[in-house]
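Subject: Structure handover

Hello,

Here is the structure for you to look over. My notes follow below it.

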Amino acid sequence: MYRKEEQPLPPPEKFELPFEGKLSPNNRWVIMAELIPWDDFEEEYAKLFSAEKGAPAKLFRMALGTLIIKGKLGTSDRETIEQIKENPYLQYFIGLNCYQQEPPLESSMLVHFRKRIDGELINKINKKIVKREIDKSDKEVKKKDCLQEKGEKIKNKGKLILDATCAPADIKYPTDLGILNQARIETERIIDNLYKPLRVKLRKKPRTSRKIARKEYLKVAKKRKVSYQERRKAIGKQLKYLKKNLGNIEDLIQAGASLENLSKRQKNCLETIKKVYEQQQSMWENKTQSVPQRIVSLTQPHIRPIVRGKAGKPIEFGAKLSVSCVDNYVFLDKISWENFNESCHLKEQVEKYKETFGYYPESVHVDKIYRTRENRNWCKERGIRISGPKLGRPPKNVSEEEKKQSHSDECFRNAIEGKFGQAKRRFSLNLVMTKLPETSITSIAITFLVVNLCKLLRQFLSLFLSLFTNNRTGELIKTPFINFDYTLNNFCVLKLIDLSENSWSKVA
């Protein structure tokens with residue numbers, strides 16, 4: 001059951017604290033709370049619950065705010081709840097009216113939040129926040145209604161950067177021998193659980209040869225260097241042991257054992273093991289190293305190997321992302337656990353840009369894989385310039401203007417690489433700790449939302465600091481003074497203050 005609170009949240013100055021003092025309106029969490037349109041998406045979140053049945057659910061602001069705090073701080077679920085418990089600013093951020101010493105929710109609720117708030121909803125929130133801020137800061141935006149009345153076409157505006165990356169999952173580096181050994185151990189545990197209710201009926205437990213199989217595995221796994229023949233022989237032995245265990249499981253089921261004796265995790269693991277055996281047996285017989293939809297983890301069978309060809313990490317194991325960047329804001333356009341060619345999604349990403357901002361970009365900055373003949377012709381028809389040299393044999397003489405333009409395009413495209421580095425080094429995109437595919441997608445989408453919120457926060461703080469600096473570099477050597485007119489104009493452009501309501505004191 002979902003109940004919306006009728007009482008509006010108090011401003012930070014009136015947030016009740018158990019000790020004397022008030023919350024600062026210039027705190028980063030207070031500023032970020034004002035940047036997020038909580039009420040615009042609360043109705044969509046409330047549709048997931050019944051209006052009459054069930055216990056009251058946590059509000060949308062608390063659910064999304066907790067996930068943003070986790071992504072911003074890079075902490076675990078339990079540590080995130082502890083931080084919220086100790087920090088009144090975090091409690092204000094998630095929508096509490098006053099400070100409380102008890103934790104507002106359990107750490108296990110974050111798993112439910114990631115299941116309820118999917119990646120699509122987070123992308124909607126991300127686009128709305130960025131579009132609102134871009135529209136506010138653009139001084140020369142013309143009204144679309146006036147352009148439509150005059151019959152004029154909207155000109156292409158802005159620059160779009162496209163690129164793809166991988167979000168590695170938290171799994172052990174997979175090897176064929178290691179996966180087969182893990183599968184063998186799991187089948188031995190399943191045989192033990194299935195045999196327990198049949199002890200009276202079956203006197204002898206099915207033989208698994210687990211000690212011998214483990215010795216055969218360790219004999220190869222402990223070696224520093226293993227030849228191809230030794231590895232192939234060890235894999236063949238593990239395949240035989242695994243086949244024997246799967247046959248014993250079928251015999252126990254026919255003898256009266258029920259899969260209900262297994263946990264949900266073991267049931268899913270058994271189905272995964274059967275697929276792993278088929279894939280590994282096929283590769284061993286055909287002497288190949290690849291198979292369609294190859295499973296590299298028993299606990300996370302949705303993860304696939306993504307060939308990247310990067311130095312140090314030629315192959316990564318996780319989700320592949322197709323990302324766009326506009327004015328240093330990033331958007332998650334496509335996410336898939338299967339490997340895909342990112343050049344096939346250029347048209348879709350450009351159309352999303354038009355759907356969001358109302359016009360096509362002036363130029364699209366991409367790397368070599370995007371510059372296909374089909375994509376070039378499609379962009380040319382819409383008046384979009386695509387970066388990079390033309391197809392065919394390079395010309396002998398290149399003008400200085402073309403060289404300058406090419407260098408400028410390559411430098412401009414580095415912005416999205418910086419965003420990838422920020423998301424991976426600072427906001428844990430380099431190692432996704434969630435296990436389920438839907439929760440992993442939510443965690444990845446939250447990361448890009450947090451990256452954009454951090455940019456907006458830096459933009460706000462830079463404007464606030466301009467109160468005490470001069471906008472003219474020629475007078476920096478003079479005594480600093482407050483350039484009130486310049487700063488006031490900047491705040492008005494970004495709609496951070498409203499002179500009609502005389503709310504300057506709320507910000508300053």
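Start with the aromatics: Trp29, Trp38 and Phe93 form one cluster. Keep in mind that this is a predicted model.

The protein has 9 aromatic pairs by the rule I used. In one of them, the ring centres of Trp29 and Phe93 are 5.3 Å apart, and the planes sit at 70°, so the pair is edge-to-face. Trp29 belongs to helix 1 and Phe93 to helix 5, 64 residues apart. Trp29 is buried at 3% relative accessible area. Phe93 is buried too, at 0%. Trp38 also pairs edge-to-face with Phe93, at 5.5 Å between centres and 80° between planes. Trp38 lies in the loop between helix 1 and helix 2, so its pair with Phe93 ties together parts 55 residues apart in sequence. Trp38 counts as buried, with 7% relative accessibility.

Two lysines sit over rings. The charged end of Lys159 is 4.9 Å from the ring centre of Phe412. For Lys320 over Phe340, the distance is 5.0 Å.

On the overall fold, there are 18 helices and 6 strands. Of the 508 residues, 46% are buried. Helix 9 covers residues 176-195 and spans 29 Å, close to the expected 28 Å.

Confidence: the average pLDDT is 86, and 87% of the residues score at least 70. Residues 470-484 fall below 50. Residues 493-508 stay under 50 as well.

Best regards

Notes. Residues are numbered from 1 along each chain as its sequence is written. This is a predicted model: local features need pLDDT of at least 70, side-chain atom pairs count only at pLDDT 80 or more; totals for chains, interfaces and linings use all residues. Side-chain values use heavy atoms; hydrogens and water are left out. Helices (H or I, at least four residues) and strands (E, at least two) are DSSP runs, numbered from the N terminus. The expected span of a helix is 1.5 Å times one less than its number of residues. Buried means under 20% relative accessible area, exposed over 50%, partly exposed in between (1.4 Å probe, protein chains only). pLDDT is the predictor's confidence in each residue, from 0 to 100. Contact means heavy atoms within 4.5 Å. Rings of Phe, Tyr and Trp (its six-membered ring) pair if their centres lie within 6.5 Å; planes under 30 degrees apart count as stacked, over 60 as edge-to-face and the rest as tilted. A charge sits over a ring if NZ of Lys or CZ of Arg is within 6 Å of the ring centre and within 35 degrees of the ring normal.
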